[in-house]
Structure formats: structure tokens, C-alpha cells
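Good morning, and thank you for joining.

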Amino acid sequence: MLLFLSVVTATDQVAEQCPVIDEALFPLIGNGDIKAFELLYRQSERAVYAFVLSILRNPDATCDIVQDTYVRVRSAAHLYKPQGKPLAWLFTIARNLCYNSKRQTAMISFDEYNLENDRIFSCVSDYEDRIVLTEALKILNELERKVIFLHLVSGLTHKEISLSMNQPLSTVLSRYNRALRKLKKHLLEQEVFEEWRTK
Amino acid sequence: MEDKIKASLCRAVSMLPQPDFDTICAIPVIKMTEHDDITMQANNALLVFRKVITYASAVAAMLVLCCCAYVFQYASPISFIEYSVNPSFEISVTRAQTLFEITPKNKDAADFLVGRSYKGWNIEKAVESLTLSMIEEGFLTAENQLIKLRVSGKNAQTLETFLYADIDTLLRERGITATISTSFTQDPQVNETVHTGPPASPLPQNEPDRGGPPHPDDPDDTNAPSDTDDSDDTDDSDDSDDSDDSGSSDDSDDSDDSDDSDDTDNTDDSGSTDDSDDSDDTDNTDDSGSADDSDDSDDSDDSDSPDDTDVPDAADAPEDTTHDLD
């Protein structure tokens, strides 16, 4: 019961809107302020994790890249120039690290994984949740995954997503609706989600 | 269902392995001296440049639209005027009522236009200036007092009215005697309409008998042309008016003609055959009846009603309006 409640509250926290990051934290981090760095980490980690997961589609690799991202932030925070979009800089670092990682390692195609024998997402205990996650990572393209995960998982608004990814708001909105429609249709075709249709 | 998907994804992601803050803090870092290709910030100048390009494209599109509107308004003619004094000119007029181009139609006109340019002038001012120049250059003389205006295209009727009024006023102010003949064609698909007006001059009183019933407006003058019937001239095919116009030509047959309110009924009009006195009927060179049939499309019985051929000129109205400014 307690475990269930903690999971529920955790998801509620995750779904909350991502707090606004103060650019004034970066000079402090550059000076070695751990508290400032922790504040930045707590405010942005969920968004950076969702962003990297949408690119790599591998939770273990995502974890490593997110760690590398924040290490880079610590080493280059004193060089940061305020441009009004601090999350965009974090996404830039994360994206560059992802692409470097893809180039350096031979990433096995996600499609080759057998869903039933998938050990990567075996940590997700709920079958429906695992199906939703794997299907979202499988059927959506990279741009659609980014918008879906940043909005639904990390709680960023569409406007924040458009600012952070340097894309027009209308593009983000249309991409989100298209991805959601695609995901809904695919999930309803799965027999396990027939009950969702009636609810 | 969006909420279900959102909740499922959040639960699933929260169960995935997460990075540890303490582990990140424990990793030693070396302060960078400058950004590398990983940490390089997005080029703000490039983003600004893209925005500038976007706005510049929008402005350029607006400029192109304005240019097209300008060309449509000022650089494409919609009306054409044939201005003929001898010399003769063809003038094209834009939608904004400005002179687009003036083309000489004969050598005199070409010589006249040397060193002159009316392009862009208001059309009324241009025609006035042209008329003044015709007077000053001596093209409008006592022997040559005719100005012909043929207007075609859009707004032809309005343009013709304005031009006639302008030229008329100009000539009157200078006490110049001239005849202005105008006509207009409103639309290529529409039959040419004629701007009607009073005849150039009344017929003399000693006109030979033309036959036909007396004119209702002038019952005592059986020979007088029915000037008041000119309003009917616009419809040459309205032969029912011919019966009124035929009154002057044949007194002896008036009693017969009065019974014929319609040309088709004028089978008993065996009156005067002296049709050659229709001097005002400029189109009826042969007033012997049969030649007029071409002008009176409904005069199917003209051959049977020679008196009808004696109708005055008003029945066969001219195509042009001739205004004498004596």
C-alpha cells in the first residue's frame, strides 16, 4: 500500500510542471557551489532524462549520458552566456553527447528486441506501463518522441519545449498531436487496451 | 485516454534506472577554458539571422504584392480613346484614369507628338491639352471643325461623358466653333451603344413632302420632321415609331397612314415615293425604301409601305452623337 502510494505520488511529482531554471545558478556552479548545482539538478534532471531517453531509447545508456551531461555542466558553467534559455543549453550538451555515443558504439536496433524477452525494460513492473513505454519508443520517430516525453513525462509546456528546442510553437503542437494520435491508435489496436476504449 | 498514456509513461519512466546526484558530484571535473563542440552554445546570431530572413521574406512578399497592385492600377490600360481631329491619335487609359500611352495614327499625329509626352497625365487634362494644341497648331480650323472621340473598354460611357464635357467647355471658353462626335463601346461583348443627342441642325421648312401621318407634336406641319421622336431613334428596330415619323412625307396618304400604327400594317401606304429628302437620315442614303430595310430590321414591310421610307432621319439614328457648338 505504501509502495503503491509512493509510486503514485512520485508520478504526480514527475507530472508537475518543470520549474523555471534561473540562469544565475550557472556562475555559482562555476565557482563550485554544490547547492546551486543541486538546485539545478533537481529542477532539470527529469527533463534531461526524458530528452535523452527519447533519443537513445535505452535506459542504461540514458543514465550514463545524463550523468555525463551534468559533469559537463559543472566544468563549463563558468563559460555560460545568458541567452534566456538555460534548458536549451542542457539539451544541447545532452544531444551532442547522445550523438557522439551513437557514433562510437554500435547501437543494436530496437526493433530486434523481442518484446516478451525484453530485459531492458523488465524493471517496469506493470505490464501495461511497459507496453505503453516500449510502443511509444518503437512507433514514434525521434522528434515525436522528444515532444511526447518532454511534455508528458517531464511536464514541460509546449512553449517551453519550443523555446528549448528552438522550434516554432505551432510545429511543436502539431507534432505532439500527431504523435499522440498515432500512439492512441496503436495502443487501441492492442487487445490488452480494449478496456481503454470503453473507459 | 491521453491521461492514461501520460500516467503510464510517467510510472514507467520513474521505474527506470535514474542517475545519482552524489555520484555526479563525486566525479572530479576540470574547468574548461573555452567551450568545445559538446558544450558550445547555440549561435544567437544565427537564430537572429534566421528571424531576420523570415521577416525580410515577408516584407519582400508584401513589396511584390504592392508592385503587382501598382502595375494593375497604373501600368495596364483598360480603356482606349480614338481622338481624331486629323491628326488622329489612339490613347490608352489606365484604371486610375491616367494616360498610359498615346499612339499616332497618321503622319501629322506622329510629327505632332515629337518632343511631347503625355504619359502619366490625367486623361481629362491630357485630352484638354491635346485639344488646345490642336487649336494652337491650327488643326482645328474653320474648314476642319470636327473632333471625333471613340471610347472603348471599361467605363467607356463615363469617360466619354467626361471627355465630351471637358472639350465642350474648353471650346466654349475660347469661343471656338467645332463639332464633337462621340461614341463609346462599353464592353467588347456588348453591342456598341450610341450616345444620342439632338440632331446637328433642324431640317429646313421647305422640305419636300415626305408623306406619312402628321407629327403629333407638330400637327400643323405635316412636312416637319419629327424631332421629338429622336428619343425613339435609339431603337431603329422599333418600327412602331416609324409611323409617327412618316407623317411629313406624304400628305395625300395621311389618311391611310394614320390607320397604320405599325409598319407591318402599313401595307396601304402607297404614298409618296419621294424618299430622297430624308436629309437627316445620314444612314439612309437610299430612301427609296428597300435600302432602309437594313437599318430598320423590323421594317419588313418597308417595301410595301413606301411612305414609311419617307420617315425623317430621327428614325434612323446615326451611330455617333454630333454636337454642334455654333
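Helices (H or I, at least four residues) and strands (E, at least two) are taken here as DSSP runs, numbered from the N terminus. On that basis, chain B has eight helices and eight strands. Please note that this is a predicted model: local features need pLDDT of at least 70, side-chain atom pairs count only at pLDDT 80 or more, and totals for chains, interfaces and linings use all residues. Residues are numbered from 1 along each chain as its sequence is written, while chains are lettered from A and ligands numbered from 1 in the order in which they are written.

Let me turn to burial. A residue is called buried if 20 or more other C-beta atoms lie within 10 Å of its own, exposed if 12 or fewer, and partly exposed in between, with C-beta atoms placed from the backbone. Of the 326 residues of chain B, 35% are buried.

Next, the cores. A nonpolar core is a set of buried Ala, Val, Leu, Ile, Met, Phe, Trp, Tyr and Cys residues joined through C-beta atoms within 7 Å. The largest one has 57 residues, and A:Ala50, A:Val52, A:Ala94 and B:Leu9 have the most contacts inside it. Its largest share, eleven residues, comes from α3(A). A second, separate core of 31 residues includes B:Tyr118, B:Leu140, B:Leu149 and B:Tyr164.

What does B:Leu9 touch? Counting two residues as in contact if their C-beta atoms, placed from the backbone, lie within 7 Å, and leaving out residues up to four places away in sequence, B:Leu9 touches A:Val132, A:Leu133, A:Ala136, A:Leu152 and A:Val153.

The contact between the chains takes 36 residues from chain B and 48 residues from chain A. On the chain B side, α1(B) gives the largest share, twelve residues.

Finally, a helix pair within chain B. Helix α5 (residues 123-137) and helix α6 (residues 156-173) of chain B pack at an angle of about 40°, their axes 10 Å apart; axes are lines fitted to C-alpha atoms, for helices over the stretch in contact, and angles run from 0 to 180 degrees between N-to-C directions. Therefore α5(B) is oblique to α6(B), since angles under 35 degrees count as roughly parallel, over 145 as roughly antiparallel, 65 to 115 as roughly perpendicular and the rest as oblique. Among the residues making this contact are B:Val127 and B:Leu132 of α5(B), and B:Phe162 and B:Ile167 of α6(B).
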